[in-house]
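Morning, everyone. Please have a look at the model on the screen, and then I'll go through it.

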Amino acid sequence: MKRGVLARSSALDLEQSTGSDRDGNVAIVDWDASPPRQGRTVSESVVCRFIAGLDIAAILAAGAAAIHLASSTADWRLEGLVVLLGALLASNFLRLTGAYHFRHFSDLGAAIGRGLFGWLLTLGTLFVAGFFFEPITVTKGPWIALWFSLGVALIVASRIALNHQVKTWQRAGRLGELVAVIGSGPTAQRLLRGLNAVSGSPRILGVYDDDAAALPRLCMGHAILGSVDDLVRDVRLYGIDTVIVALPPAAEHQLVETLNKLTVVPVDVRLCPGEFALRLGAVQTSHIGGHTFLNVIDRPLRDWRWIAKSVEDRILGILILALISPIMLAIALLIRLDSRGPVLFRQKRYGFNNELIEVLKFRTMYQERSDANGEQLTQRNDPRITRVGAFLRRTSLDELPQFLNVVRGEMSIVGPRPHAVSAKAGPLLYQEAVKHYDSRHRVKPGITGWAQVNGWRGETNTLEQIRKRVEHDLYYIEHWSIALDLRIIARTVVGGFTGHNAF
């Protein structure tokens with residue numbers, strides 16, 4: 001039987017199951033027969049800031065409409081100034097009334113009430129100011145009533161739509177972080193006992209321990225699901241957001257090995273403070289379920305950084321694809337004239353979180369000699385490559401169809417290059433040649449990357465060549481920014497993706 005959270009035993013198909021924890025107490029576990037989550041976890045901070053920005057935009061739009069439709073004065077500039085002041089006040093009053101606390105969004109009455117209370121305080125403040133400052137007397141005009149009414153309508157409409165969306169997220173299991181705990185000893189028991197006692201604690205998928213085979217089935221009411229290696233697999237299967245390491249202070253060597261294993265998956269790793277914490281240096285902290293943890297590993301792209309990267313890829317991907325479409329059509333025609341076979345070559349490669357994606361390229365080899373798994377890397381004067389294919393490879397024009405992968409969301413414009421599943425460095429597979437090679441898969445693969453513009457592309461006859469590639473890929477992941485992406489794109493355009501290693 002597959003040792004996943006949904007296939008530990010037949011009891012997982014039941015609504016509830018019972019068992020004994022390591023203290024010998026009988027515990028009841030709530031099992032969910034469906035996958036833990038459908039889609040990414042919703043970022044509460046992103047949603048709250050988005051709603052805050054939407055409210056300000058709605059207030060400004062309502063004010064502009066009211067001035068246009070109901071203003072009785074010719075001094076629209078002064079009324080516009082009042083609208084700007086009102087938007088500024090509203091942004092503060094809405095926060096003070098708790099209108100942007102995510103927990104209120106699931107309660108339609110509370111969400112509407114807090115939003116309207118903040119908006120009422122804003123208009124009330126403007127009216128009070130009108131008694132003391134002559135320029136604010138425009139608040140007595142008929143347009144102000146229309147502004148208030150439109151503001152009410154927009155706030156209510158936004159809360160109704162948001163409440164509907166929050167319920168949709170709840171049904172998909174996308175609210176609240178999915179958490180796994182490493183360790184089942186006294187430190188982990190104290191942690192789990194504390195989390196169990198706090199309402200609104202994160203959703204705990206289960207407990208992992210390298211001694212799982214010799215341990216009871218439950219630890220403080222939570223299933224022991226396997227070893228740390230099993231956890232790495234489950235992060236990829238179920239999209240676990242956070243791993244809390246709760247190993248005993250004396251297990252320093254085990255802790256180091258555990259952290260090394262977790263560096264290959266896109267997950268936040270938090271450490272329960274102990275003696276080991278004194279050796280970590282300056283670290284940030286997180287607060288989960290009323291407990292404080294040390295941040296030892298962070299996902300490379302999360303919240304706003306993930307959104308910024310996604311927007312960058314989609315916008316630039318569509319624009320570039322539109323610009324290069326004539327070139328791609330011309331290349332397709334040349335390929336068809338040069339040799340028999342399809343225009344595009346499709347190859348399975350590793351993508352984000354080690355998922356296999358189908359990468360598109362222009363076909364550069366004779367169809368009967370193509371290598372679907374990348375078992376044999378190309379070399380200089382490779383007889384498998386067609387005449388047109390040799391030119392496309394030297395200029396990297398064979399990579400252009402991958403902008404379709406970008407638009408589909410499978411790749412980024414900039415990122416670690418995706419490698420074929422059977423690619424080798426000398427006699428070894430890449431995963432065997434470089435320790436923690438999978439760490440480069442914590443972000444989406446790219447058409448171009450930091451390694452490529454620095455000359456590390458082409459054949460990998462030696463271990464040093466693939467290690468340098470991975471070294472540059474990890475540097476990119478750790479130092480990502482939109483500015484760095486634009487720099488890599490610029491270097492690619494002026495020839496950084498070609499050179500003596502391109503063939």
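Ground rules. This is a predicted model, where local features need pLDDT of at least 70, side-chain atom pairs count only at pLDDT 80 or more, and totals for chains, interfaces and linings use all residues. Numbering runs from 1 along each chain as its sequence is written, and side-chain values use heavy atoms, with hydrogens and water left out.

Start with the record. UniProt, in an unreviewed entry, places "transmembrane region" at residues 46-70, 76-96, 108-132, 144-162 and 315-335. Those positions are in the numbering used here, and annotations may be inferred rather than shown by experiment. What does the model show over residues 144-162? The chain there is 100% helix and 0% strand, with the end C-alpha atoms 27 Å apart. Residues 315-335 are also 100% helix and 0% strand, and their end C-alpha atoms lie 29 Å apart. Helices here are DSSP runs (H or I, at least four residues), strands likewise (E, at least two), numbered from the N terminus.

Now packing. Axes are lines fitted to C-alpha atoms, for helices over the stretch in contact, and angles run from 0 to 180 degrees between N-to-C directions. Helix α1 (residues 44-70) and α4 have axes that come within 8 Å and cross at roughly 150°. That makes α1 roughly antiparallel to α4 (over 145 degrees; under 35 is roughly parallel, 65 to 115 roughly perpendicular, the rest oblique). The contact residues divide into 19 nonpolar, 3 polar and 2 charged. Nonpolar means Ala, Val, Leu, Ile, Met, Phe, Trp, Tyr, Cys and Pro; charged means Asp, Glu, Lys and Arg; the others, Gly among them, are polar.

Next, helix α6 (residues 228-238) and helix α7 (residues 252-262). They pack at about 25°, axes 10 Å apart. So α6 and α7 are roughly parallel. Val228, Asp229, Leu231 and Val232 of α6 meet Thr258, Lys261 and Leu262 of α7 (contact: heavy atoms within 4.5 Å). That splits into 4 nonpolar, 1 polar and 2 charged.

Third, helix α8 (residues 303-338) and helix α9 (residues 387-395). Their axes come within 8 Å and cross at roughly 145°. Ile331, Leu334, Ile335 and Asp338 of α8 touch Arg387, Val388 and Leu392 of α9. Here we have 5 nonpolar, no polar and 2 charged residues.

Last, aromatics. The structure holds 6 aromatic pairs (Phe, Tyr and Trp rings, six-membered for Trp, centres within 6.5 Å). Take Trp119 and Trp147: centres 5.4 Å apart, planes at 75°, so edge-to-face (over 60 degrees; under 30 is stacked, the rest tilted). Trp119 sits in helix α3 (residues 108-132) and Trp147 in helix α4 (residues 142-171), 28 residues apart.
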